Amino acid sequence: MEQDLQQPIDAEGEPLTVEQAIANLRQTTDAGLRYYAAWWLGRFRVTEPLAIESLALALEDESDRAPDGGYPLRRNAARALGKLGDRSVVPALIQCLACDDYYVRESAAQALEALGDSRAIPALRALLAGGVAAAVAVPGKPHLVQPYNAVLEALGTLGATDAVEEIAPFLGHDVAQVQNAATRALYQLTGDATYCDRLVERLQEPNLQLRRSAMMDLGAIGYLPAAEAIATTLAENSLKLIALQGVLESHLRQSDFPSQALSDDARRVLVLMDELL
């Protein structure tokens, strides 16, 4: 089989086939080629069983180590698997939540959220152990002890209603993005729109990063009443469009489009998007 997938290229600019990408991931000793192959298989949504198997094996790689002791290939493999929709890798990704590498844990949590398998809930909840008191920065590192944003967002998406009491205290965490992630998850788990109101208020923050974070969270949960606020946020139009696309897609699913006619609310969001182009 020779599948060219719109003529993707390898790291040297040459045409790359699925077979070559898998071979690079499985056989080469070149860490750069393996890293690129893992990214490539995810980017081009290669769902062949051998690709899935190869990426899952890469989650256990010991050869590609960063100067800080991290596992770059494992990170890329986890990200790729999150895009491929094959839930057979969920147990392997759950194992990654115990990896020493913070970024492997983060990538695994994000992949598990994308795969939507509730088997991941207990392991994700375990990363909240100790609550807010334990959620402190790692000395000398630009991150907290756990990837709380990714974990909270995954629990919300996976419908972990039993975790509401564990998540709620993170509304008071010192890091605003963690607060946002907890707010987003609690809305998904309770349906209480007052949580979304907190995110809408964040769109007025003087800090651009916080505005971006809140805007993307509102888009991810598809909160329709925030459409106008998103469109007028002081942020890049490209990000506003992504957030509004999330709102629109969520509304279309809920309104059973295209079985049902396009609603007035959907038309309103489309107009807001058109005005940003």
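Which residues of helix 1 (residues 18-27) are buried? The legends below begin with that helix. This is a predicted model, in which local features need pLDDT of at least 70, side-chain atom pairs count only at pLDDT 80 or more, and totals for chains, interfaces and linings use all residues. Residues are numbered from 1 along each chain as its sequence is written, and side-chain values use heavy atoms, with hydrogens and water left out.

**View 1. The buried residues of helix 1.** Val18, Ala21, Ile22 and Leu25 are the buried residues of helix 1. Buried means under 20% relative accessible area, exposed means over 50%, and partly exposed lies in between (1.4 Å probe, protein chains only). Helices are DSSP runs of H or I with at least four residues, numbered from the N terminus. Seen down the axis of helix 1, the buried residues fall within an arc of 95 degrees, so they line one face of the helix. The arc is that of the directions from the helix axis to the C-beta atoms. An α-helix has 3.6 residues a turn, so residues three or four places apart point the same way. The cover over the buried residues of helix 1 includes helix 2 (31-43), helix 3 (49-58) and helix 4 (72-84).

**View 2. The packing of helix 3 and helix 4.** Two packed helices are described by the angle between their axes and the distance between the axes. For helix 3 and helix 4 the angle is about 145 degrees and the axes are 8 Å apart. Axes are lines fitted to C-alpha atoms, for helices over the stretch in contact, and angles run from 0 to 180 degrees between N-to-C directions. Helix 3 contributes Ile52, Leu55, Ala56 and Ala58 to the contact, and helix 4 contributes Leu73, Arg74, Ala77, Ala80, Leu81 and Leu84. Contact means heavy atoms within 4.5 Å. By class, the contact has nine nonpolar, no polar and one charged residues. Here Ala, Val, Leu, Ile, Met, Phe, Trp, Tyr, Cys and Pro count as nonpolar, Asp, Glu, Lys and Arg as charged, and the others, Gly among them, as polar.

**View 3. His251 and its surroundings.** His251 lies in helix 15 (residues 237-254) and is buried, with a relative accessible area of 13%. Not counting residues up to four places away in sequence, His251 touches Leu224, Ser263, Asp265 and Ala266. Its side chain makes a polar contact of 2.5 Å with the side chain of Ser263. A polar contact is a pair of N or O atoms within 3.5 Å; within protein, one must be able to donate a hydrogen and the other to accept it, and residues adjacent in sequence count only if both atoms are side-chain atoms.

**View 4. The loop between helix 15 and helix 16 (264-276).** Pro258 has its place in this loop, and the peptide bond from Phe257 to Pro258 is cis, with omega near 10 degrees. Asp256 lies in the loop too, and its phi is positive, near 60 degrees. Asp256 is partly exposed, at 40% relative accessible area. Most residues other than glycine have a negative phi, and most peptide bonds are trans.

**View 5. Arg45 in the loop between helix 2 and helix 3.** Arg45 lies in this loop. Although Arg45 is not a glycine, its phi is positive, at about 50 degrees. Arg45 is partly exposed, with a relative accessible area of 47%.

Notes. Helices (H or I, at least four residues) and strands (E, at least two) are DSSP runs, numbered from the N terminus.
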